[in-house]
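User: Hi! Could you walk me through this structure before I start working with it?
Analyst: Happy to, let's take a look together.

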Amino acid sequence: MTPRWLNDREDRAWRGFQAMRAELTAHLARQLARQSGLTEAEYAILATVSEAPDRRLRARDLCKLLGWERSRLSHQIARMERRGTVRRAASAGDARGFDIVLTATGLAAIDAAAPQHVAAVRHCFADLLTPAQLDALGDIAEIITGHLDSEHDTSACGG
């Protein structure tokens, strides 16, 4: 039988993780918006597409990389198209799909935002930890995401 409650160690780790994640994410999102005018969602898309070959990525692949649902990505891309930071283009070899393409405006936005955002992540996260702690946290993240990928249906964008 599974115990009803977490033990003290589990509870401390779980609650600490939840509080850290919420506070850190909120702080970094506010700072990103204040410094660059980008939302977390915009930054995530711009950064991911900017790293893709030819700054172009299949929408379904972007959806999977971000762990988003198809409707969330579609709505976000529509907002970003209106701002001129990305555009949709037909996918080569597959008429059913489309690519998200970074525009010159989008490239300028991510190029301007990334150094400040990286500095903030370092200041509030990476610089506070030792190399061994960073390695341990990376290992922990891989274990948990690996478990979720192999044991639970976490597929986004309809699979």
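Analyst: One definition to start with: helices here are DSSP runs of H or I with at least four residues, numbered from the N terminus. By that count, E42 sits in helix α2, which covers residues 40-50. Please keep in mind that this is a predicted model.

User: Thanks! Is E42 buried or exposed?
Analyst: E42 is buried, because its relative accessible area is 6% and the cut-off for buried is under 20%.

User: And which residues is E42 in contact with, leaving aside neighbours within four places in sequence?
Analyst: Those contacts are G37, Q76, M80 and R83.

User: Let's zoom out. How many helices and strands does the chain have?
Analyst: There are 6 helices and 3 strands. Going along the sequence, they follow the pattern α-α-β-α-α-β-β-α-α.

User: What box do the C-alpha atoms fill?
Analyst: Roughly 50 × 40 × 25 Å, taken along the principal axes.

User: What share of the residues is buried?
Analyst: Of the 159 residues in the chain, 28% are buried. The chain exposes about 11,000 Å², and carbon and sulfur atoms supply 55% of that area.

User: What about contacts between residues at least 6 apart in sequence: what share joins residues at least 24 apart?
Analyst: That share is 52%.

User: Now the strands. How do β2 and β3 pair?
Analyst: Strand β2 (residues 86-91) and strand β3 (residues 94-102) run in the antiparallel sense, with 6 bridges between them.

User: Where does D54 lie?
Analyst: D54 is in the loop between α2 and β1 (56-58), and R55 lies in the loop between α2 and β1 as well.

User: How accessible are D54 and R55?
Analyst: D54 is exposed, with a relative accessible area of 73%. R55 counts as partly exposed, at 39% relative accessibility.

User: Switching to aromatics: how many aromatic pairs does the structure hold?
Analyst: It holds 1 aromatic pair. The partners are W14 and F17, with ring centres 5.8 Å apart and planes at 35°, so the pair is tilted.

User: How far apart are W14 and F17 in helix α1?
Analyst: W14 and F17 are 3 residues apart in helix α1 (residues 8-36), so about one helical turn separates them. W14 is partly exposed at 44% relative accessibility, and F17 is partly exposed at 38%.

User: Last one: which residues make the nonpolar surface patch?
Analyst: L137, I140, I143, I144 and L148 make it, and the patch is about 430 Å². One of its members, L148, lies in helix α6 (residues 131-151). L148 is partly exposed, with a relative accessible area of 34%.

Methods: Residues numbered from 1 in each chain as written. Predicted model: local features only at pLDDT ≥ 70, side-chain atom pairs only at ≥ 80, totals over all residues. Heavy atoms only, no water. Pairing = 2+ DSSP bridges. Helix = DSSP H or I, 4+ residues; strand = E, 2+ residues; numbered from the N terminus. Patch = residues over 30% accessible without salt bridge, like charges linked within 9 Å, V, L, I, M, F, W, Y side chains within 5 Å. Areas by Shrake-Rupley, 256 points an atom, 1.4 Å probe, with all protein chains shown as cover. Salt bridge = Lys/Arg side-chain N within 4 Å of Asp/Glu carboxyl O. Buried < 20%, exposed > 50% of the residue type's maximum accessible area, 1.4 Å probe, protein only. Contact = heavy atoms within 4.5 Å. Phe/Tyr/Trp six-rings, centres within 6.5 Å; stacked < 30°, edge-to-face > 60°.
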